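Colleague: Please put the model up, and then we can go through it by question and answer.

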Amino acid sequence: MPDDVFKALSDPTRRAILDELTWRNGQTLFEICTRLSGKHGLGLSRQAISQHLAVLQAAGLLTTRREGRYKFHDLNPQPLEQIVSRWLKPHQPETGP
């Protein structure tokens with residue numbers, strides 16, 4: 001899973017999507033497209049943004065939920081926390097021979 005997370009984070013558009021979900025969680029595709037276009041100047045199609053969202057979801061950084069005809073996208077920070085704790089946890093001395 002960490003490789004998927006690093007791949008997802010390697011693209012600036014996907015990082016911008018995560019920034020927008022940090023700003024306000026639970027956005028629809030339309031809201032994400034509007035924010036990326038207005039705030040970040042990204043003129044991508046809805047299909048292109050959907051593909052980026054799929055990569056983020058496959059990496060576990062994004063969850064979706066449906067309410068009626070709307071699909072909401074939520075940030076899942078758990079994979080990032082796992083990566084951070086991997087290198088930032090206190091060093092444990094090795095024991096044994």
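Colleague: Which residues of the largest nonpolar core touch the most other members?
Modeller: This is a predicted model. In soluble globular proteins, nonpolar side chains tend to be buried together. Here the largest nonpolar core has 17 residues. Those that touch the most other members are Ile 17, Ile 32, Leu 36, Ile 49, Leu 53, Leu 56 and Leu 61.

Colleague: What is Ile 49 in contact with, leaving aside neighbours within four places in sequence?
Modeller: Ile 49 is among the core residues that touch the most other members. With the sequence neighbours left out, its contacts are Ile 17, Leu 29, Ile 32, Cys 33, Leu 36 and Leu 44.

Colleague: Is Thr 13 buried or exposed?
Modeller: Thr 13 is found in helix H2, and touches Leu 42, Leu 44 and His 52 when residues up to four places away in sequence are not counted. Its relative accessible area is 11%. The cut-off for burial is under 20%, so Thr 13 is buried.

Colleague: How does Ala 54 count, and at what relative accessibility?
Modeller: Ala 54 has its place in helix H4. Buried means under 20% and exposed means over 50%, with partly exposed in between. Because its relative accessibility is 41%, Ala 54 counts as partly exposed.

Colleague: Which element gives the most to the lining of the largest pocket?
Modeller: The largest pocket, with a volume of about 220 Å³, is lined by 14 residues. Two or more of them come from each of helix H3 (29-40), helix H4 (46-58), strand S1 (62-67) and strand S2 (70-75). With five residues, the element that gives the most is H4.

Colleague: Which lining residues lie nearest the centre of the largest pocket?
Modeller: The lining as a whole divides into five nonpolar, five polar and four charged residues. Nearest the centre lie Leu 29, Ser 50, Leu 53, Lys 71 and His 73.

Colleague: What is the bridge partner of Thr 64 in S2?
Modeller: S1 and S2 pair in the antiparallel sense, over six bridges. Their hairpin has two residues between the strands, and Gly 68 takes a positive phi near 65° there. In S2, the bridge partner of Thr 64 is His 73.

Colleague: What separates the C-alpha atoms of Ala 54 and Lys 89?
Modeller: Ala 54 and Lys 89 are 35 residues apart along the chain. The separation of their C-alpha atoms is 30 Å.

Conventions. Residues numbered from 1 in each chain as written. Predicted model: local features only at pLDDT ≥ 70, side-chain atom pairs only at ≥ 80, totals over all residues. Heavy atoms only, no water. 1 Å grid on protein atoms, 1.4 Å probe; cavity = no way out; pocket = protein on both sides within 12 Å on 5 of 7 lines; lining within 4 Å. Points joined across faces, edges and corners; volume = space filled by probe spheres on them. Helix = DSSP H or I, 4+ residues; strand = E, 2+ residues; numbered from the N terminus. Nonpolar A, V, L, I, M, F, W, Y, C, P; charged D, E, K, R; others polar. Buried < 20%, exposed > 50% of the residue type's maximum accessible area, 1.4 Å probe, protein only. Core = buried A, V, L, I, M, F, W, Y, C linked by side-chain atoms within 4.5 Å. Contact = heavy atoms within 4.5 Å. Pairing = 2+ DSSP bridges.
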